[in-house]
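Keep the viewer open as you read.

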Amino acid sequence: MRPKAFPRTLVLVALLVQAGLAQINDNFNDSFLDPRLWTVLVSPPGQAGTVSEINQRLEITLGPGLGSTGIASVCQFTGDFDVQVDYILLNWPATNLHSVRLGAPDLGVGPGGGIGLNRSSFPNGLSGEFYLLALPNADPQMATTQLSGKLRLVRTGATLSGFAMVGTTWVPIGSGPVSTAATHISLDLGAGSSTAQGGVSSAFDNFQTNAGTVSCACSPLIVEPALKQFFPPWGSHTYDDAATWATTGQKTTIARWGCHLTSAVMLINYQASQQGNSFRSDPDDLNTWLEAHSAPYKSSGSVWGPDVQLYVKQKTNGSLGVFYQGLIDKQDDFVLDSYLCANNPVILQVPVAGSTHFVLATGQTIVNGRSTFKINDPNYNVADLSQGSYNFRYLGIREYSASRTPPHALLISGHSPIEFVATDPAGNETGFDPTTGTHFSQIPSSSYATDSILDDIDPLSGDTTPVVKNLEVLAPLSGTFNLKVFGTGIGDFTLDFVAHDINGNESVQSLTGSTIPGAIATFAIAYSSAVGSTVSVTHIVTFNTLAADVGVARAAGLIHNNGIVNSLLQKLQAASVAVTGGEVNTAADILGAFVNEVFAQAGKHIDATAVNLLTSDVAALLSSLGA
Ligand SMILES: [Ca+2]
């Protein structure tokens with residue numbers, strides 16, 4: 001693909017500041033636990049516990065007996081920190097022997113249990129319902145009747161303080177000396193007695209970092225076997241139906257184009273190994289499946305995460321957890337660290353010779369005092385991003401984890417010369433508007449990125465898979481999406497609309513058109529996640545937008561004189577007046593005369609691209625008029 005749209009200086013600035021800015025905040029509103037932020041604390045064998053992000057919060061239940069469950073942060077707080085969380089006691093009999101805790105599990109254990117601030121319920125000689133700050137050498141307490149509230153832990157130097165919100169005031173529960181070691185933060189529900197009853201439940205909400213710096217250092221993952229795209233037998237086999245898009249003389253083997261494919265296979269096999277699943281993939285098998293099932297793969301060789309997820313689901317009957325979490329179109333070390341620390345290798349888009357290549361990220365490392373990432377490179381013999389042409393850089397992350405995500409998704413693939421912006425049914429926007437130079441990423445779990453692969457055998461040839469702009473939305477709202485398509489050059493474009501329903505079933509609609517710089521085309525996309533739904537796209541044209549396209553075509557020199565422009569605009573004006581007067585058939589006749597004039601001037605005073613643009617506009621307008 002072309003060099004990415006962000007300057008290198010921005011990448012360097014991002015690297016310099018990221019270590020101090022990363023923070024952990026979560027409102028638990030999206031019904032799946034973010035694997036970049038949290039890992040689930042497994043309850044002890046024999047004890048039933050559940051941890052679920054539902055009802056816009058994190059709900060925890062615990063069976064009878066001694067033990068606890070909950071979540072812990074993937075990364076650790078170093079130095080001073082200030083964190084808080086809301087809690088709600090859902091099923092909480094009197095003196096039930098349980099505690100809800102905002103914990104700092106790496107700071108040790110004291111007389112009141114693991115270090116942290118508790119909302120506890122057990123006979124303590126006082127009320128039996130109280131807050132308790134577990135410190136290494138003390139466990140200060142305060143009686144309470146609150147069934148919901150806020151817990152806060154603050155470490156300043158070697159002093160840890162706990163606060164509970166009463167009314168609108170943070171009331172200190174206690175304070176005392178504590179280790180300055182880096183610590184994870186946990187949110188858990190636990191019982192300190194083997195006679196504790198079951199069925200106790202509580203919830204957390206709105207975890208917030210008020211101050212502090214997190215470190216995500218952790219051990220590299222061992223991803224074996226390390227596959228190469230050129231290995232036999234698959235290396236010499238055909239990549240998808242590359243023959244349909246390859247230009248004359250371009251070779252079509254997996255050895256050339258299979259970097260993303262092979263990275264995905266290594267990722268799948270690592271998760272299978274970790275999860276004790278006997279399934280193993282190879283590039284031939286994934287290639288064959290994608291060729292048969294994936295529209296983005298067939299049209300441009302683009303490996304799309306929701307299709308990889310669906311492959312794993314179908315091949316393993318749902319027994320293996322490999323879930324696509326989305327795309328980040330920039331270097332973001334905090335996100336990458338978080339995935340790797342949670343034992344989730346992810347796929348990186350990396351720069352090569354003015355285009356891009358894909359590798360699997362497997363861990364953190366430090367080279368020449370500089371933090372970077374270890375990789376399994378499916379083509380080059382390099383071990384980390386300090387080597388090869390990467391220069392410590394990557395351009396984007398394709399995120400996958402073992403945690404479940406909703407399977408429904410929407411992909412809009414645009415083949416140049418266009419950029420586009422989508423608006424979801426709630427009015428959020430994602431995409432790029434070249435007329436103002438504005439990037440949008442308001443739609444939840446959305447991204448807008450360029451996808452392409454450079455020939456890995458002859459990188460200097462500059463040959464690539466088709467360069468596509470991919471706008472993806474994971475777990476999209478059902479309803480009508482609006483798409484604005486901006487022309488950035490003179491020529492034809494194709495738009496592929498790929499939709500997955502809640503079962504992952506894929507439906508596709510493709511549209512073609514012509515555009516010129518300054519032209520803006522609008523489409524309405526009807527999307528539903530309901531099983532069996534198919535995506536449906538309508539080109540929206542009004543008299544005003546058609547008149548605008550006439551003006552744009554004249555400005556681009558594709559209509560050669562103003563006399564023709566005036567004649568065309570007069571016809572539009574007359575047709576518009578006819579529609580206003582309810583004379584749709586008259587309007588259709590006038591629009592027919594408009595088309596006849598355009599065709600009469602085709603190749604004379606109106607160039608082919610403008611002919612295509614204006615006549616397809618009229619067709620869409622007639623359709624919307626019901627004429
Ligand atoms: Ca919430």
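Helices (H or I, at least four residues) and strands (E, at least two) are DSSP runs, numbered from the N terminus. Before going further, please note that this is a predicted model, in which local features need pLDDT of at least 70, side-chain atom pairs count only at pLDDT 80 or more, and totals for chains, interfaces and linings use all residues. Residues are numbered from 1 along each chain as its sequence is written.

Now look at which parts of α8 are covered. Leu-546, Asp-549, Val-550, Val-552 and Ala-553 are buried. They cover an arc of only 165 degrees around the axis, which puts them on the same side of α8; the arc is that of the directions from the helix axis to the C-beta atoms. A residue is called buried if 20 or more other C-beta atoms lie within 10 Å of its own, exposed if 12 or fewer, and partly exposed in between, with C-beta atoms placed from the backbone. Among the elements covering these buried residues are α9 (562-580) and α11 (608-625). After α8 comes Gly-557, with a positive phi near 80 degrees.

Leaving aside neighbours within four places in sequence, Val-550 is in contact with Val-565, Leu-568, Leu-569 and Leu-614, where contact means that the C-beta atoms, placed from the backbone, lie within 7 Å. Val-550 and Leu-613 are 63 residues apart in sequence, yet their C-alpha atoms are 9.1 Å apart in space.

Zooming out, the protein chain has 11 helices and 32 strands. Of its 627 residues, 46% count as buried. The domain assignment gives domain 1 (8-12 + 220-538), domain 2 (23-215) and domain 3 (543-625); such bounds come from an automatic or database domain assignment. The C-alpha centres of domain 1 and domain 2 lie 38 Å apart. Their contact takes 12 residues from domain 1 and 8 residues from domain 2. On the domain 1 side, helix α7 (residues 333-341) provides the largest share, 5 residues.

The largest nonpolar core has 163 residues, and Ala-264, Leu-348, Ala-361, Phe-420, Ala-553 and Ala-610 touch the most other members. Such a core is a set of buried Ala, Val, Leu, Ile, Met, Phe, Trp, Tyr and Cys residues joined through C-beta atoms within 7 Å. Helix α3 (residues 259-274) gives the most to this core, with 9 residues.

Finally, some backbone details. Most residues other than glycine have a negative phi, and most peptide bonds are trans. A cis peptide bond joins Glu-224 and Pro-225, with omega about -5 degrees, and another cis bond joins Pro-232 and Pro-233, with omega about 5 degrees. Gln-56 has a positive phi, near 60 degrees, and lies in the loop between β2 (49-54) and β3 (57-62).

Note on methods:
Two residues are in contact if their C-beta atoms, placed from the backbone, lie within 7 Å.
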